[in-house]
Every structure is written in structure tokens, then in C-alpha cells.
Amino acid sequence: MNDATAADGDLIVRREGALGVIRLNRPKAINAMTLEMSEGIDAALDRFEHDGEVAVVLLEGAGERGLCAGGDIRGLYESSKVGGDLGKVFWRQEYIMNARIAKYPKPYVAFMDGLVMGGGVGLSAHGRHRVVTEKTKLAMPEVGLGFFPDVGGTYLLSRAPGELGTYFGLTGATMNGPDAIYAKFADAVVPSAKLAALREALTQVRPGTTSAAIDSLIRGFATGETAGPVAALQAKIDGWFARGRMEDIVEALKADGSDLAQAMLTTLGEKSPRGMVVTLKLLRLARATATLEECLVREYRAALEVFASDDFREGVRAAVIDKDRNPKWSPPRIEDVTPEMVAPYFAGIGADELTFPDSK
């Protein structure tokens with residue numbers, strides 16, 4: 001059943017029956033995505049879109065640990081240190097691909113098994129058929145790196161019920177599979193033991209099969225769960241996070257005094273103050289934004305500013321390079337983040353603005 005296999009080590013692309021398979025293949029790095037992998041995924045999407053025998057595209061990750069731990073943060077860190085342009089090139093490629101996945105003309109299925117973080121969310125949660133399992137751990141923890149939830153994360157988070165997106169974006173908290181469905185990041189929980197059977201069923205789909213029919217097929221393997229533990233906390237989260245300023249969110253948590261509120265305060269205290277302020281503004285703007293593309297344009301502006309910032313390098317150093325988990329943020333306190341510091345993240349970038357192939 002396998003034919004026309006293309007593999008460069010980090011990415012496996014092949015057709016299995018009617019299924020166009022894109023497998024991220026860096027299991028030791030939990031399939032963290034490099035620029036070359038991103039370009040390879042784009043090429044695979046081209047190939048499968050124009051292959052009349054491919055009815056469905058499947059994104060999956062090699063190994064037992066997860067679909068994708070995000071982008072190649074270490075490579076971005078090294079480029080940022082020397083004033084390189086990997087951020088500009090990598091994020092442009094990635095964000096254009098995120099928008100493409102959201103509009104892909106054939107059914108696009110993502111197996112979001114295990115860890116799904118950052119860039120992995122961008123590859124999967126914009127797809128039409130998003131399958132999570134009992135092993136799913138989905139998070140957008142970028143604020144802990146002096147960054148913000150990108151890859152269209154501000155669009156996705158801003159459309160979660162109530163203030164759950166604000167909570168997940170600012171704290172970097174992890175969703176399980178049912179949480180992800182409730183937050184609108186996924187569509188169905190399928191037990192991991194049933195993924196192989198679902199995958200085999202997808203290879204048998206006829207070309208031209210509708211997305212509704214794919215939904216129906218997936219439901220045949222699904223548990224029917226639609227809400228996880230976070231749903232029960234929504235009323236409290238809404239009360240704390242429905243604010244326009246980080247200072248006000250912190251004050252609301254302090255005023256509550258419960259163990260849960262104190263735990264959230266502790267978590268926020270570990271994040272980049274500047275990253276949190278930028279994230280909150282991006283989320284509030286995204287809520288009033290109609291399209292994913294508009295959010296990606298805004299994220300790209302902010303990402304280039306992040307790439308040049310000490311906070312990004314310090315966050316990656318503390319989490320990934322030295323692993324001391326003790327970043328020294330600049331500035332160190334939320335109240336020290338001034339409008340003048342934040343403004344460059346939202347300023348136009350002229351010739352570097354992100355544009356999409358169908359809108360040029």
C-alpha cells in the first residue's frame with residue numbers, strides 16, 4: 001500500500017492507499033520542527049493537494065512522546081544571539097503554512113497524541129479534523145520563554161469559551177484531550193489504542209469524500225467526551241482573567257486568596273512580565289479580529305521584536321540551554337512594563353510585513 005515515499009530523516013512523506021501521510025520524524029526531540037521540516041511539510045501539502053488519489057492528509061508524530069514539542073527553539077536562540085535572521089525566515093514560512101492548513105482543500109487530520117506544544121499546535125489545531133487522546137498534553141507555554149502564543153495561537157485562544165484562552169495563554173497551563181475540545185483546539189477524543197485502526201480506515205477513504213463523512217468516520221472511534229477538568233473552573237477563571245491589564249488580573253487573583261488563585265499567581269510570577277503584557281494585548285486584539293491571517297500578521301510583527309529581545313534569549317537560556325529555571329526578566333516586574341516598551345511589538349514593519357500567496 002505504500003508508495004512514492006520521500007524521507008530526509010526528519011520528515012517522512014508518503015501515500016498509503018488514499019491517505020497522504022506527513023510524519024514528523026525527530027522522536028528524540030519530540031519532533032520539534034526545524035525550518036527544513038516546515039518547508040518539507042509545505043511541499044507535501046502541495047503534492048497531496050494535486051494528487052487525485054489522495055483523499056485525506058494525515059499529520060502524525062514518530063515515537064511515543066508526542067506529535068510535536070514546538071519549533072526548534074535552540075536554533076532560534078543561537079541565531080538571535082548573533083543577530084541572525086532565522087526568526088524572520090522560520091516564522092514567515094511557518095505562519096504562512098499555518099494559514100494554508102486552515103484553508104486546505106482536502107480533509108486534513110491531525111493525530112494530537114502525547115505532547116503538542118507551540119508550533120505543534122500550529123500544525124494541528126488549524127486543521128479540519130483534530131484528534132486528541134488520553135495521552136494528549138497540549139500547551140502554549142511561550143510566555144515562559146519571553147515570547148507569546150504564536151502560530152495563530154492568539155486567534156485560537158481568543159475563541160475559547162469565556163476567558164479560558166486568556167488563562168491558557170498567560171499561564172502556559174496544559175490541556176488534556178477533553179480540555180482541548182472544550183477550548184476549541186480539538187474535535188474528538190480517540191483512545192490511543194484505536195489510532196492505528198482509525199488510520200487504517202482513513203487509507204480506505206475514497207477520493208472526493210466530504211469532511212462531514214470524515215467526521216462521521218472519526219466519531220465511530222471516539223469516546224464522545226467534550227469537556228475536561230478546566231470546564232468546571234471556567235466561572236472562576238472568567239472572573240479573574242476578564243481584565244484588560246495584567247496588573248488587574250494579578251490583583252483579582254490576590255484578592256481571591258484561594259489555593260487555586262495563589263497557585264496561578266505563583267505561575268504568573270515565573271513568566272516574562274513583558275511577555276505577559278504583550279500576550280494579553282495580542283489576545284484582546286485577536287478577539288476583535290475576523291481572520292486568522294490578520295492575527296498572524298500581528299504575531300509576525302511581534303515575533304520579530306521578540307527575536308531581537310534580551311527576554312527571549314534569557315527565557316530560552318533558563319529553560320533550554322542552562323536549564324536552571326531561573327530567568328532574569330527585563331524588566332522584572334509587571335508594573336515596570338511601560339507602553340513605550342510594548343509599542344514596538346505592534347508597529348508596522350514595512351517591507352517585512354507578512355503577506356500570504358493568495359492575497360498578494
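A pocket is found on a 1 Å grid over the protein atoms alone: it is an open set of points where a 1.4 Å probe fits, with protein on both sides within 12 Å along at least five of seven lines, and lining residues have an atom within 4 Å of a point. Grid points are joined across faces, edges and corners, and a volume is the space filled by probe spheres set on the points.

This is a predicted model, in which local features need pLDDT of at least 70 and side-chain atom pairs count only at pLDDT 80 or more, while totals for chains, interfaces and linings use all residues. Residues are numbered from 1 along each chain as its sequence is written, and side-chain values use heavy atoms, with hydrogens and water left out.

**The largest pocket**

The largest pocket holds about 960 Å³ of space. Its lining counts 37 residues. Nearest the centre lie Ile73, Met117, Leu145, Ala319 and Val320. Helices and strands here are DSSP runs, numbered from the N terminus; a helix (H or I) has at least four residues and a strand (E) at least two. Helix H2 (73-81), helix H3 (86-102), strand E7 (115-117) and H15 each give at least two residues to the lining. Which element gives the largest share? That is H15, with four residues.

By type, the lining splits into 19 nonpolar, eight polar and ten charged residues. Nonpolar covers Ala, Val, Leu, Ile, Met, Phe, Trp, Tyr, Cys and Pro; charged covers Asp, Glu, Lys and Arg; the others, Gly among them, are polar.

Ala318 sits in helix H15 (residues 310-321). Contact means heavy atoms within 4.5 Å. Leaving out residues up to four places away in sequence, Ala318 touches Lys323, Asp324, Arg325, Asn326 and Pro327. Ala318 and Leu145 are 173 residues apart along the chain, yet their C-alpha atoms are separated by 8.4 Å.

Arg325 belongs to the loop between H15 and H16. Its phi is near 55°, a positive value in a residue other than glycine. Pro331 is in the loop between H15 and helix H16 (339-342). A cis peptide bond joins Ser330 to Pro331, with omega about -5°.

Buried means under 20% relative accessible area, exposed over 50%, and partly exposed in between (1.4 Å probe, protein chains only). In helix H11 (residues 246-256), the buried residues are Met246, Ile249, Val250, Ala252 and Leu253. They span an arc of only 160° around the axis, so they lie on the same side of H11. The arc is that of the directions from the helix axis to the C-beta atoms. An α-helix has 3.6 residues a turn, so residues three or four places apart point the same way. The buried residues of H11 pack against helix H6 (164-171), helix H10 (234-241), helix H12 (259-269) and helix H13 (273-287). Just after H11, Gly257 has a positive phi of about 80°.

In helix H8 (residues 195-203), Leu195, Leu198, Arg199, Leu202 and Thr203 are buried. Viewed down the axis of H8, these buried residues fall within an arc of 145°, so they line one face of the helix. Their cover includes strands E2 (11-16), E3 (19-24), E4 (56-61), E6 (108-112) and E8 (129-132), along with helix H9 (211-219).

**Single residues in loops**

Lys184 lies in the loop between helix H7 (177-182) and strand E10 (188-189). Its phi is near 70°, a positive value in a residue other than glycine. Ser192 is in the loop between E10 and H8. Ser192 touches Asp113, Thr133, Glu134 and Lys135, not counting residues up to four places away in sequence. Glu142 lies in the loop between strand E9 (137-139) and helix H5 (153-158). Glu142 and Thr210 are 68 residues apart in sequence and 36 Å apart in space, C-alpha to C-alpha.

**Accessibility and cysteines**

| Residue | Relative accessible area | State |
|---|---|---|
| Ala318 | 1% | buried |
| Glu142 | 6% | buried |
| Ser192 | 18% | buried |
| Lys184 | 49% | partly exposed |
| Arg325 | 62% | exposed |

Cys68 is buried at 0% relative accessibility. Cys295 is buried too, with a relative accessible area of 0%. The structure holds zero disulfides, a disulfide being a pair of cysteine sulfur atoms within 2.5 Å.
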